[in-house]
Amino acid sequence: MALPVSAHAQEAARTEPLAIATRGGPQRFDVEVMRNDAERARGLMFRRSMAPNHGMLFDFERVEPVAMWMKNTYLPLDMLFIRADGTVARVAADTEPLSTATILSGEPVLAVLELNAGTAARLGIRPGDRVDHPLFRKGR
C-alpha cells in the first residue's frame, strides 16, 4: 500500500533549472522557487537535509534591500543575494542554523538563492557571477 505524500513533500519535488556562470564554468542546480509571502516566510524551515545540487530561490518581486534569518532552519546555508540583472551582489557563507540574527543584502536585490553551506566556496561562486534563470531575464 502506498502512503500519501505530504503537501510539503510534493512542493519540495517541484524544481526549476538554474545555472550560475562562474570563472570555473557553469554550475547547475535544481531550485524550488518561492514566489509569494507565505512561501518566502516558510522557506527551508524545519527541513533536515537538501540534496547537494538543490537550492531555494526567493523571488521578492521587486528590487529592494532584503533581510533574511535562519529561525527554525536546521541547515547551515550559503545565501546569494542577486540583483535584478542576475548578478550576484553578495554571498553570505555558512549561515548559522536556528539563528534569529538578520543577514542583510547590503544593497537592493530582487532575489536570494539558498544553497547548502560550503557550496559557494567549493564551486567558486563569487559576487559578480551571473545567475541564469527566467526570473532574471528581460521582459519578466
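Reader: Which element gives the largest share of the lining of the largest pocket?

Author: In this predicted model, helix 2 contributes four residues, the largest share of that lining. At least two residues each come from helix 2 (37-42), strand 3 (54-64) and strand 4 (67-68).

Reader: What makes a residue part of the lining, and which residues are closest to the centre of the largest pocket?

Author: A lining residue must have an atom within 4 Å of a point of the pocket. The largest pocket holds about 280 Å³ of space. Its lining has 18 residues, and Arg40, Ala41, Phe58, Met68 and Trp69 are the closest to the centre.

Reader: How is the lining of the largest pocket divided by class?

Author: Eleven of the lining residues are nonpolar, two are polar and five are charged.

Reader: How do you know that strand 1 and strand 2 pair?

Author: Two strands pair if at least two bridges are found between them. Strand 1 (residues 16-22) and strand 2 (residues 25-34) have seven bridges, in the antiparallel sense; therefore they count as paired. Ile20 stands opposite Gln27 of strand 2.

Reader: In what order do the strands of the open sheet lie?

Author: The seven strands follow the order 6-5-8-3-2-1-9, with mixed pairing.

Reader: Why is one side of strand 6 and of strand 9 left without a neighbour in the sheet?

Author: Strand 6 (88-92) and strand 9 (130-132) stand at the edges and have a single partner strand each, so one side of each has no neighbour in the sheet.

Reader: By what angle are neighbouring strands of this sheet turned against each other?

Author: On average the angle is 30°, direction ignored.

How values were computed. Residues are numbered from 1 along each chain as its sequence is written. This is a predicted model: local features need pLDDT of at least 70, side-chain atom pairs count only at pLDDT 80 or more; totals for chains, interfaces and linings use all residues. Side-chain values use heavy atoms; hydrogens and water are left out. On a 1 Å grid over the protein atoms alone, a cavity is a set of points where a 1.4 Å probe fits but cannot get out, and a pocket is an open set with protein on both sides within 12 Å along at least five of seven lines; lining residues have an atom within 4 Å of a point. Grid points are joined across faces, edges and corners, and a volume is the space filled by probe spheres set on the points. Ala, Val, Leu, Ile, Met, Phe, Trp, Tyr, Cys and Pro count as nonpolar, Asp, Glu, Lys and Arg as charged, and the others, Gly among them, as polar. Axes are lines fitted to C-alpha atoms, for helices over the stretch in contact, and angles run from 0 to 180 degrees between N-to-C directions.
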